[in-house]
Amino acid sequence: MSIILFRNANLVRDSSATLQTGYDVLVRGKYIDAVSQGPIESSDATVVDVRGMTLMPGLIDAHAHITGLTLSPRNIAFSSAEIAVACANYLKSSLLDGFTTIREAGGADHSIARLLAEGAIVGPRLFYSGRALTQTGGGADFRAPNELIDPCGHISPFSVMSIIADGVDEVRKAAREELRQGATQLKLFASGGVVFPSEAHSTLYEFSEAELQAAVEEARARGTYVMAHVYTDEGIRRCLRAGVRSIEHANFASEATVAMMAECGAYLDPTFISLVQRIESASETRLPRSIVDNLERTVSRGKQVYKWAKQYNVPIAFGTDLWGPDAQKSQLREFEMRMELDSAADIIRSATVINAALLMQEGKLGTIAPGACADLLIVDGDPLTDLRIMLDPAKNLKLVMKDGTIYKNGLGSAVSMRDFAH
């Protein structure tokens with residue numbers, strides 16, 4: 001078992017808006033063993049002198065998509081091998097950018113989790129949803145009007161990220177199947193999207209309340225919860241009444257609905273960078289002007305919803321909703337998107353301790369405390385006063401540790417590091 005002692009560190013702690021100076025942190029195996037404002041003595045530890053830089057918890061992305069090869073979720077034409085390579089590239093890059101945990105929001109499954117667990121690929125700790133549930137013609141049914149079956153002759157959404165389920169019995173069965181395959185939470189689509197709108201009439205909401213309740217009931221039976229892709233006000237209210245815990249996007253929520261989120265104890269997971277990235281790449285991807293206009297309106301409304309969430313003390317998660325390894329390069333830019341809306345300390349809290357609570361991992365992830373997983377970053381600079389430091393990991397991110405193993409070491413310390421050569 002490795003024992004590593006970080007000396008002379010300035011810590012990002014859960015509730016503090018300023019760095020806590022002069023700390024030592026002892027890591028024993030996969031866990032943090034001791035945290036002390038003052039020297040820790042350990043004769044058998046490898047000492048890493050942090051030299052007054054920032055030691056902070058590893059980041060958590062609460063809304064990632066790792067199975068894409070392009071910006072389109074319609075990926076059924078790609079082979080399982082191509083998708084596996086895309087996943088591996090996404091995961092490795094994400095970890096080296098400082099994300100030690102991600103919640104995958106549709107597409108990743110037990111096979112990717114197994115490769116991570118076996119060490120065949122490297123990446124963040126993975127909380128996967130399996131296939132997201134969508135209704136016929138729903139937000140994750142990517143068939144064109146003239147398409148019914150996929151190339152294999154099956155009725156499918158033309159994507160590995162989702163499965164079509166209609167009616168309470170089908171929703172219940174689909175939910176049970178994803179949970180049987182190890183999904184750590186369920187994902188469903190409760191409204192349409194804003195990038196790939198339906199060619200039929202757009203939906204104000206999707207799934208009946210009875211269908212939503214069935215998914216929530218199945219999740220609760222396994223001690224977990226439901227996250228819902230939902231943009232519309234009515235769709236959000238229906239999700240809240242059904243007991244959905246994690247509201248993804250929510251850009252068109254009213255103030256009254258945000259207040260309802262607070263009353264229900266739900267989390268808001270806004271994902272600005274995915275929308276902004278679509279706008280920035282619109283000419284390259286040939287997005288119609290009407291969709292670009294809608295995306296710009298969606299971003300603007302999302303900023304207002306964020307402000308209401310702050311006002312009503314709704315816990316705000318940190319998610320990116322980026323699709324595939326090329327898009328992943330913008331993962332850290334979610335920090336940039338929020339700088340005009342929130343303090344640096346609260347944005348970092350969203351990406352650490354709040355996301356940990358959302359994932360039902362409070363005290364285990366997103367914190368520097370005895371007994372927590374040893375997911376740690378060393379950053380050159382103070383991100384609590386200048387969040388832009390987080391946007392340049394090549395320059396400022398000096399060390400990445402996950403589960404007590406160092407994956408990136410730019411300090412020059414004589415400490416073993418996981419080999420990426422394979």
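Phe-272 is buried, at a relative accessible area of 3%, where buried stands for under 20% relative accessible area, exposed for over 50% and partly exposed for anything in between, with a 1.4 Å probe and protein chains only. The model is predicted, so local features need pLDDT of at least 70 and side-chain atom pairs count only at pLDDT 80 or more, while totals for chains, interfaces and linings use all residues. Residues are numbered from 1 along each chain as its sequence is written, and side-chain values use heavy atoms, with hydrogens and water left out.

**Aromatic pairs**

Let's stay with Phe-272 for a moment. Its ring pairs with that of Tyr-306 in a tilted arrangement, at 6.3 Å centre to centre and with 40° between the planes. Rings of Phe, Tyr and Trp (its six-membered ring) pair if their centres lie within 6.5 Å; planes under 30 degrees apart count as stacked, over 60 as edge-to-face and the rest as tilted. Phe-272 belongs to helix H7 (residues 272-280) and Tyr-306 to helix H9 (residues 289-311), so the pair ties together parts that are 34 residues apart in sequence. Helices here are DSSP runs (H or I) of at least four residues and strands are runs (E) of at least two, numbered from the N terminus. Tyr-306 counts as buried too, with 0% relative accessibility.

A second pair joins Phe-318 and Phe-335, whose ring centres are 4.6 Å apart with the planes at 40°, so this pair is tilted. Phe-318 sits in the loop between H9 and helix H10 (325-328) and Phe-335 in helix H11 (residues 333-338), so parts 17 residues apart in sequence are tied together. Phe-318 has a relative accessible area of 0% and is buried; Phe-335 counts as buried at 0% relative accessibility. Together with Phe-99, Phe-318 and Phe-335 form one aromatic cluster. Across the whole structure, the search finds three aromatic pairs.

Two packed helices are described by the angle between their axes and the distance between the axes.

| Helices | Angle | Axis distance |
|---|---|---|
| H3 (residues 167-180) and H4 (residues 209-221) | about 25° | 9 Å |
| H4 and H5 | about 45° | 9 Å |

The axes are lines fitted to C-alpha atoms, for helices over the stretch in contact, and angles run from 0 to 180 degrees between N-to-C directions. Angles under 35 degrees count as roughly parallel, over 145 as roughly antiparallel, 65 to 115 as roughly perpendicular and the rest as oblique.

H3 and H4 are therefore roughly parallel to each other. In the contact (heavy atoms within 4.5 Å), the H3 side includes Val-168, Val-171, Ala-175 and Leu-179, and the H4 side includes Ala-210, Ala-214, Ala-215 and Glu-218. By class, this contact of H3 with H4 has eight nonpolar, one polar and five charged residues. Ala, Val, Leu, Ile, Met, Phe, Trp, Tyr, Cys and Pro count as nonpolar, Asp, Glu, Lys and Arg as charged, and the others, Gly among them, as polar.

H4 and H5, in turn, are oblique to each other. Glu-209, Leu-212, Gln-213 and Val-216 of H4 meet Arg-238, Cys-239, Arg-241 and Ala-242 of H5. The contact of H4 with H5 has four nonpolar, one polar and three charged residues.

**H6 and its surroundings**

Helix H6 (residues 255-264) has Thr-257, Val-258, Ala-259, Met-260 and Met-261 as its buried residues. What covers them includes helix H5 (233-242), S13, strand S14 (267-269) and H9. Gly-265 follows H6 and has a positive phi, near 75°.

His-249, although not a glycine, has a positive phi of about 85°. His-249 is found in strand S13 (residues 246-252) and is buried, with a relative accessible area of 2%. Asn-313 is not a glycine either, and has a positive phi of about 60°. Asn-313 lies in the loop between H9 and H10 and is exposed, at a relative accessible area of 66%.

**Two buried loop residues**

Gly-29 is placed in the loop between strand S2 (20-28) and strand S3 (31-36), and counts as buried at 14% relative accessibility. Leaving aside neighbours within four places in sequence, Gly-29 is in contact with Met-1, Ser-2, Asp-403 and Gly-404. Ala-140 lies in the loop between strand S9 (132-134) and strand S10 (162-164), and is buried with a relative accessible area of 0%.
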